[in-house]
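Try each task before reading its solution.

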Amino acid sequence: MKTSHLILTGATILALSLGGVAFAQNRASVSNQPIGYGADTGELTNTAVSLRGRAEITQGQTRLRANAIEGARDAQGGLTRIEASGEVYYVTPNETIRGDRAVYTVANATVVVTGDVILTQGQNVLTGASLTYNVDTGQARIQGGTGANGGRVRGVFYPEGSN
């Protein structure tokens, strides 16, 4: 019984986090694809779900991977917030976001990635301390900080047609 709840919750996590991010690019085709997840351990309570140790959730070609993925549940069992921590990678066919921690808030469809953030889209690379990304609109904002790059946002952009 506990395993089936964990599977259902894992599927919900993916639908809310990965499928939501994919919406900006191609939500309809991703949301109907099978959901997979894995971790060294998993736990479900009335208020939370936890995947720990090489935690990974996939749907289609979209993947969220971290050392741990935690989800907070409301009174009806729905997820309200998802946190991924420790070497966080969010990968789609078009982009990769890397950071130390990511928090997805379901209510505003926004993910905030912090800690030496690297956003890669094709050859283009953007780095900073914090990235806020709206999964419905695809709008992103990156901020510097006090990290390794001196608190500055840095990037390299290649114009179309350049090599």
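In which strand does arginine 54 lie? Arginine 54 lies in strand β3. Before going on, note that this is a predicted model, in which local features need pLDDT of at least 70, side-chain atom pairs count only at pLDDT 80 or more, and totals for chains, interfaces and linings use all residues. Residues are numbered from 1 along each chain as its sequence is written, and side-chain values use heavy atoms, with hydrogens and water left out.

**Exercise 1. The chain as a whole**

Work out the secondary structure and the burial of the protein chain.

Step 1. Reading from the N terminus, the order of elements is α-β-β-β-β-β-β-β-β-β-β.

Step 2. The protein chain has 163 residues, and 32% of them count as buried. Buried means under 20% relative accessible area, exposed over 50%, and partly exposed in between, with a 1.4 Å probe and protein chains only.

Step 3. Take the contacts (heavy atoms within 4.5 Å) in the protein chain with a separation of 6 or more: 39% of them are between residues 24 or more positions apart.

**Exercise 2. Following the strands**

Two strands pair if DSSP finds at least two bridges between them.

Step 1. Ten bridges pair β3 with β4 in the antiparallel sense. Alanine 48 has alanine 72 of β4 as its bridge partner. This hairpin has two residues between the strands, and glycine 60 takes a positive phi near 60° there.

Step 2. Next, β4 and β5 are antiparallel, with nine bridges. Leucine 79 in β5 stands opposite arginine 73. Five residues lie between the strands of this hairpin, and glycine 77 in the turn has a positive phi of about 95°.

Step 3. The antiparallel pairing of β5 and β6 also runs over nine bridges.

Step 4. Finally, β6 and β7 run antiparallel and are joined by eight bridges. The partner of alanine 102 in β7 is valine 113. In the turn of this hairpin, which has four residues between the strands, alanine 109 has a positive phi of about 50°.

**Exercise 3. Positive phi within strands**

Compare the surroundings of arginine 54 and glutamate 87.

Step 1. Start from the general rule: most residues other than glycine have a negative phi, and most peptide bonds are trans.

Step 2. Arginine 54 has a positive phi near 50°. Its relative accessibility is 66%, so arginine 54 counts as exposed.

Step 3. Glutamate 87 has a positive phi near 50° and is found in strand β5. Its relative accessible area is 48%, so glutamate 87 is partly exposed.

**Exercise 4. The nonpolar core**

A nonpolar core is a set of buried Ala, Val, Leu, Ile, Met, Phe, Trp, Tyr and Cys residues joined through side-chain atoms within 4.5 Å.

Step 1. The largest core has 26 residues, and those touching the most other members are Ile69, Ala84, Ile97, Val111 and Val113.

Step 2. At least two residues of this core come from each of β3 (48-59), β4 (62-73), β5 (79-91), β6 (96-105), β7 (110-121) and β8 (124-134). The largest share, five residues, is supplied by β5.

Step 3. Leaving out residues up to four places away in sequence, isoleucine 97 touches Val88, Tyr89, Tyr90, Val113, Val117, Ile118, Leu119 and Leu131.

**Exercise 5. Arginine 98**

Is arginine 98 buried or exposed, and what does its side chain meet?

Step 1. Arginine 98 is placed in strand β6. Its relative accessible area is 19%, so arginine 98 is buried.

Step 2. The charged end of arginine 98 sits over the ring of tyrosine 89, 5.9 Å from the ring centre. The criterion is NZ of Lys or CZ of Arg within 6 Å of the ring centre and within 35 degrees of the ring normal.

Step 3. The arginine 98 side chain also makes a polar contact with the side chain of aspartate 100 (3.2 Å). A polar contact is a pair of N or O atoms within 3.5 Å; within protein, one must be able to donate a hydrogen and the other to accept it, and residues adjacent in sequence count only if both atoms are side-chain atoms.
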